[in-house]
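Here are my notes on the model, point by point. Please keep the structure open as you read.

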Amino acid sequence: RTTIRLGLIYAMYGFSYAIYATFIVTTLVRERGIAEGSAGLIWAVVGFLSLFCSLFGALSDRVGRKLGLATVFGLQAVAFLIVGLQLPGGLVYLSVFLFGICAWSVPGIMGATAGDYMPPEQAIKALGALTVFFGIGQAAGPAIAGILAERTGQFAIGYLLAAAAAVLGAAGSLAMRQPGTHASPHPTPTGSPAADR
């Protein structure tokens, strides 16, 4: 049950982040009127900001996995909503910033979470199953958003779906029970070998 719950949360991450990562540059060019070169540069900034994703792993070490994951999902939901609601002006840059600083935080936190909730031999197997959930979400998100974009002529609905998935991920994270008796007495740091597996 724990693996399934974590898997569904991980699927929400794969679903939502993949929509944004797949379509944001095209959205900036087609719907925001930003030049292709500038849009590509903006995406390069996302890559630079992602260097700071480990900060959220450190946050989860301090405040707990539930709140750490929920924080990342919450920031991403705001990033997706800004684009999905087509909010004006420089807010799109805020969206890019929020997404960039936490874009790849969830995989590290999820690995540490599995180590907290399960003994090592089970955690390793669970991570394999969690990756399947993530892959399904990652494949489904852009596919569904792409179909909706073809029918509506814009990507807004796709981003709103991504935001909804992120909200579900945050809610699922906050609803997780505390680690059971088989978990280690101290949280597994996200930078530890257990978190990297």
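**Notes on a predicted model**

1. Start with helix 5. Its 12 residues should span 16 Å at 1.5 Å a residue, and its end C-alpha atoms lie 17 Å apart, which agrees. Bear in mind that this is a predicted model.

2. Which residues of helix 5 are buried? They are Val92, Ser95, Val96, Leu98, Phe99, Gly100, Ile101 and Cys102. These buried residues pack against helix 1, helix 2 (36–49), helix 3 (54–63), helix 4 and helix 6 (105–117).

3. Now the whole chain. It holds nine helices and zero strands. Read from the N terminus, the elements run α-α-α-α-α-α-α-α-α. The radius of gyration is 17 Å, close to the 16 Å that the globule rule gives for 197 residues, so the chain is as compact as a globular protein of that length. Along the principal axes, the C-alpha atoms fill a box of roughly 55 × 30 × 25 Å.

4. Of the 197 residues, 46% count as buried. Take the contacts between residues at least 6 apart in sequence: 82% of them join residues at least 24 apart.

5. Helix 8 covers residues 156–174, which makes 19 residues. From first C-alpha to last it reaches 27 Å, close to the 27 Å expected at 1.5 Å a residue. Its buried residues are Ala156, Gly158, Tyr159, Ala162, Ala163, Ala165, Ala166, Gly169, Ala170 and Ser173. What covers them? The cover includes helix 1 (2–30), helix 4 (65–84) and helix 7 (120–152).

6. A reminder before the helix pairs. Two packed helices are described by the angle between their axes and the distance between the axes.

7. Helix 1 against helix 7. The two pack at an angle of about 35°, and their axes are 6 Å apart. The crossing is right-handed. By class, the contact of helix 1 with helix 7 has 20 nonpolar residues, eight polar and no charged.

8. Helix 1 against helix 2. Here the angle is about 145°, with the axes 8 Å apart. Helix 1 passes helix 2 in a right-handed crossing. Helix 1 brings Ala21, Ile24, Val25, Leu28 and Val29 to the contact, and helix 2 brings Glu36, Ala39, Ile42 and Trp43. By class, that contact has eight nonpolar residues, no polar and one charged.

9. Leucine 41 deserves a look. It lies in helix 2. Is it buried or exposed? Leucine 41 has a relative accessible area of 57%, and over 50% counts as exposed, so it is exposed.

10. Last, glutamine 86. Where does it sit? Its place is in the loop between helix 4 and helix 5 (91–102). Most residues other than glycine have a negative phi. Phi of glutamine 86 is near 55°, a positive value in a residue other than glycine. At 42% relative accessibility, glutamine 86 counts as partly exposed.

Technical notes
Residues numbered from 1 in each chain as written. Predicted model: local features only at pLDDT ≥ 70, side-chain atom pairs only at ≥ 80, totals over all residues. Heavy atoms only, no water. Helix = DSSP H or I, 4+ residues; strand = E, 2+ residues; numbered from the N terminus. Expected span 1.5 Å × (residues − 1). Buried < 20%, exposed > 50% of the residue type's maximum accessible area, 1.4 Å probe, protein only. Contact = heavy atoms within 4.5 Å. Axes fitted to C-alpha atoms, helices over the stretch in contact; angles between N-to-C directions. Left-handed = near helix turned anticlockwise from the far one by under 90°. Nonpolar A, V, L, I, M, F, W, Y, C, P; charged D, E, K, R; others polar. Rg over C-alpha atoms; globule rule 2.2 N^0.38 Å.
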